Amino acid sequence: MGRKERIARAATQTASQARETAARERGRSKRTTSASGASAHRHCSVCWAPIPLKAEPPVCNDAECESTYEKRESSRKRLTLMLYLFPAIAILLAIMTAI
Ligand SMILES: [Zn+2]
């Protein structure tokens, strides 16, 4: 019976308590527009402030958030492109050397 064991048990207890509380909260809160129980809104992808559901791009009115989002988006696009481009080149080279 060590200290570690006690801590582990306490942690699992807390986790199950949290789950129970969350379930209770979900049951209590009124059903809003969506079936999942979440109210109809989304969050700014930079600062997580609640914004209207139809906000496009998904950022708040803050100019800083907008530029951060744009930067993030362009780097993400670049990454996706590389993800496809490099295997494509590798396959192309493999085919060319095989011929
Ligand atoms: Zn924001």
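pLDDT is the predictor's confidence in each residue, from 0 to 100. This is a predicted model: local features need pLDDT of at least 70, side-chain atom pairs count only at pLDDT 80 or more, and totals for chains, interfaces and linings use all residues. Residues are numbered from 1 along each chain as its sequence is written.

The protein has a mean pLDDT of 83, and 83% of its residues reach 70 or more. Where pLDDT is low, the predicted coordinates should not be read in detail.

| Element | Confidence in the protein | Mean pLDDT |
|---|---|---|
| Helix H1 (residues 3-28) | lowest | 72 |
| Helix H2 | highest | 96 |

**Overall build**

The protein has two helices and two strands. These are DSSP runs, numbered from the N terminus: helices are H or I with at least four residues, strands are E with at least two. Along the sequence the pattern is α-β-β-α.

Burial is scored by counting other C-beta atoms within 10 Å of a residue's own: 20 or more is buried, 12 or fewer exposed, anything in between partly exposed, with C-beta atoms placed from the backbone. Of the 99 residues, 4% count as buried. Contacts are pairs whose C-beta atoms, placed from the backbone, lie within 7 Å. Among contacts between residues at least 6 apart in sequence, 2% join residues at least 24 apart.

**Helix H2**

H2 covers residues 63-98, which is 36 residues. From first C-alpha to last it reaches 52 Å, close to the 52 Å expected at 1.5 Å a residue. That expected span is 1.5 Å times one less than the number of residues. One of the 36 residues of H2 is buried, so the helix lies largely in the open.

**The loops**

Trp48 sits in the loop between strand S1 (42-43) and strand S2 (50-51). Trp48 has 11 C-beta neighbours inside 10 Å, so it counts as exposed. Its phi is positive, about 65 degrees, although Trp48 is not a glycine. The C-alpha atoms of Trp48 and Pro58 are separated by 9.8 Å, with the two residues 10 apart along the chain.

Pro57 lies in the loop between S2 and H2. A cis peptide bond joins Glu56 to Pro57, with omega about 0 degrees.
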